[in-house]
Amino acid sequence: MIQIIGYIGSLAYALCGLPQAVLSIKNGHSQGISRAYALLSLLGSALSLIYAFPRGDYVLLLNFGVNIIVWSIVLKYSYFERK
């Protein structure tokens, strides 16, 4: 039961950036989002993924893997706006 709670919490935390990624794709830019925040989130998720991988902690792997995808999208549209 506690593992299910962990998966739900991890997924919720991982998806909290998803609305911003969708908005960035829709608008073609990530104006209004701090690049430093997005970069630190991406860096933290990448390093945490490295930490969780050898431990086989699937809850954390899911969380950090999704976060890496989400913040990569936000940063892509932060640096390369669609015209």
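A residue is counted as buried when its relative accessible area is under 20%. In this predicted model, buried residues make up 27% of the 83 residues in the chain.

**Overall architecture**

The chain holds 4 helices and 0 strands, and its elements run α-α-α-α from the N terminus on. The C-alpha trace spans about 45 × 20 × 15 Å along its principal axes. Of the contacts with a separation of 6 or more, 78% are between residues 24 or more positions apart.

**Packing of H3 against H4**

The axes of helix H3 (residues 35–52) and H4 come within 8 Å and cross at roughly 150°. Angles over 145 degrees count as roughly antiparallel, and H3 is therefore roughly antiparallel to H4. The crossing of H3 past H4 is left-handed. On the H3 side, the contact includes Arg35, Tyr37, Ala38 and Leu42; on the H4 side, Phe64, Ile68, Trp71 and Leu75 are among the residues involved. The composition of this contact by class is as follows.

| Class | Residues in the H3–H4 contact |
|---|---|
| Nonpolar | 14 residues |
| Polar | 7 residues |

**Nonpolar core**

The largest nonpolar core has 6 residues: Ala21, Ala38, Val70, Trp71, Val74 and Leu75. Helix H4 (residues 58–79) gives the most to this core, with 4 residues. One of the core residues, Val70, is in contact with Ala14, Gly17, Leu18 and Ala21 when its neighbours within four places in sequence are left aside. Ala38, Trp71 and Leu75 belong to this core and also take part in the contact between H3 and H4.

Technical notes: Residues numbered from 1 in each chain as written. Predicted model: local features only at pLDDT ≥ 70, side-chain atom pairs only at ≥ 80, totals over all residues. Heavy atoms only, no water. Core = buried A, V, L, I, M, F, W, Y, C linked by side-chain atoms within 4.5 Å. Buried < 20%, exposed > 50% of the residue type's maximum accessible area, 1.4 Å probe, protein only. Helix = DSSP H or I, 4+ residues; strand = E, 2+ residues; numbered from the N terminus. Contact = heavy atoms within 4.5 Å. Axes fitted to C-alpha atoms, helices over the stretch in contact; angles between N-to-C directions. Parallel < 35°, antiparallel > 145°, perpendicular 65-115°, else oblique. Left-handed = near helix turned anticlockwise from the far one by under 90°. Nonpolar A, V, L, I, M, F, W, Y, C, P; charged D, E, K, R; others polar.
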